[in-house]
Amino acid sequence: MRSKPPARFGKGPSEKDPSHGHLVGGLLHSSGSYFPPPVRAVDIPKAGGGTRSLGVPTVADRIAQTVVAMTLEPEVEQIFHQESYGYRPRRSALDAVEACKQRCWRHPWVIDLDIQGFFDNVPHGPINAAVERHTNLPWVLLYLKRWLVAPVQQPDGTLVRREKGTSQGSSISPLLSNLFMHYAFDAWLVREYPAIRFERYGDDAVVHCASEKQAIFVRDIIEGRPLQFGLRLHPEKTRVVYCKQEGREREFPVTKFTFLGYTFRPRAARLRDGRLKTGFLPAVSETAMKSMARTIRSWRLGRCTELSFQEIAAMINPVVAGWINYYGRFYKSRLIRFLEQQINPFLVKWARRKYKRYRRASRKARRRLAEIASAFPGMFAHWKHGALPAGSTMGAV
């Protein structure tokens, strides 16, 4: 199978005559008469501040898009590269971080890649051409094209036409973006530079190189690739990075990068024999911690005096456990120290406001919290992993 799709692959379905039409839950009709309604624009906060606009389709469209994605997925999964981790079955962001960590130990140089405004600017033509290569179902091709160009309804009600981009928030967007990036990046890089290793999750990628000279050369070559599709690499977020660690002592201005919520940089690590060694390791990023801190503040735990201690634990534990499951996979101690410093002081505030005897005695409130943690170290998700209040007499469960 060719790794680069031509502009078109045979004759596509006609807008007026979508032969061999399919009925999907009563939504997609063989007549081709169904046109998706506008996609609703919703702004959500970004982890690093600011907002990101998501295009939210109707419930009916999400169901139909899910059916189409399930139809296409078995076909395209066969050709996707093994180092593509985003939005795929049996692969995760943590798998990508693990692969990146292993390669940073073996290769001293990294190209940290970021495509600027990918989901807003990805062109429709190459996406349609790639889809045509992997299915001959006219109803799939027809409705995918219509979903891509469905207008966006702004919060004030105005409609914005779309000639490029795919809506973040739609059920089909992850598969379409993966299909585009497979041909535009993965297959192209493997074909042109088969010795280069990389990890990609969506539009974020890390490329590993053996020398600074190679890294600069490959970066310059890669910069030209998105331009062929009307895209460009982010000029500030795309960088050559030196993976500095013990045994790699040269000076370089950039010695860290962030990938999927983890910042890779030189960190102390204890070996099995007890010795400390500096390695190039991932740990929860500053941006991720700022986002978690905002969430913790939004709970206003110190004012939840109508709740019992157990009810507060039941309220926050699912969220905190999710953070630990993801950000605690690598260099867990950094995350646990952060959670201890962020959550436990709010629990002391809660105790002081909840009980009159502690209102003017913060030291007594902290001591009482330590006693509770000693008796019930599994009450809170972060306590289970060692983030116990100061003065607790029991270790983590």
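Predicted model: local features only at pLDDT ≥ 70, side-chain atom pairs only at ≥ 80, totals over all residues.
View A. Ala 288, Met 289, Met 292, Ala 293, Ile 296 and Trp 299 are the buried residues shown for H8. They lie on the same side of the helix, because they cover an arc of only 135° around its axis. The partners against which the buried residues of H8 pack are strand E11 (276-284), helix H9 (309-327) and helix H10 (332-354).

**View B. Length and end of helix H8.** Helix H8 comprises 14 residues, 286-299. Just after H8 comes Arg 300, whose phi is positive, at about 50°.

**View C. Salt bridge between Glu 286 and Arg 334.** The closest N and O atoms of Glu 286 and Arg 334 are 2.9 Å apart. Glu 286 belongs to helix H8 and Arg 334 to helix H10, so this pair ties together parts that are 48 residues apart in sequence. Glu 286 has 45% relative accessibility and therefore counts as partly exposed. Arg 334, at 17% relative accessibility, counts as buried. The Glu 286 to Arg 334 contact is a salt bridge, and a search of the whole structure finds 12 salt bridges.

**View D. Salt bridge between Glu 83 and Arg 103.** Side chains of opposite charge can pair when their charged atoms come close. The side chains of Glu 83 and Arg 103 meet in such a bridge, at 2.7 Å from N to O. Glu 83 sits in the loop between helix H1 (59-76) and helix H2 (93-106), while Arg 103 is in helix H2, so the pair ties together parts that are 20 residues apart in sequence. The relative accessibility of Glu 83 is 6%, so this residue counts as buried. Arg 103 also counts as buried, because its relative accessibility is 11%.

**View E. Salt bridge between Glu 199 and Arg 103, and the network around Arg 103.** The side chain of Arg 103 also meets that of Glu 199 in a salt bridge, with an N to O distance of 2.7 Å. Glu 199 is part of strand E6 (residues 197-201) and Arg 103 of helix H2, so the pair ties together parts that are 96 residues apart in sequence. Glu 199 is buried, because its relative accessible area is 0%. Salt bridges link Glu 83, Arg 103 and Glu 199 in a network.

**View F. The open sheet of 4 strands.** The strand order is E6-E7-E3-E8, and the pairing is antiparallel. E6 and strand E8 (239-242) are the edge strands, each pairing on one side only. From one strand to the next, the twist averages 20°. Strand E3 (residues 109-114) and strand E7 (residues 204-209) run antiparallel and are joined by 6 bridges. In this sheet, Val 110 stands opposite His 208 of E7.

**View G. Helices H2 and H6 against the sheet.** H2 packs on the sheet and touches E3, E6 and E7. The direction of H2 makes about 160° with that of E6. Helix H6 (residues 173-192) lies across E3, E6 and E7. H6 runs at about 175° to E6.

Key
Residues numbered from 1 in each chain as written. Heavy atoms only, no water. Helix = DSSP H or I, 4+ residues; strand = E, 2+ residues; numbered from the N terminus. Expected span 1.5 Å × (residues − 1). Buried < 20%, exposed > 50% of the residue type's maximum accessible area, 1.4 Å probe, protein only. Arc of directions from axis to C-beta. Contact = heavy atoms within 4.5 Å. Salt bridge = Lys/Arg side-chain N within 4 Å of Asp/Glu carboxyl O. Pairing = 2+ DSSP bridges. Axes fitted to C-alpha atoms, helices over the stretch in contact; angles between N-to-C directions.
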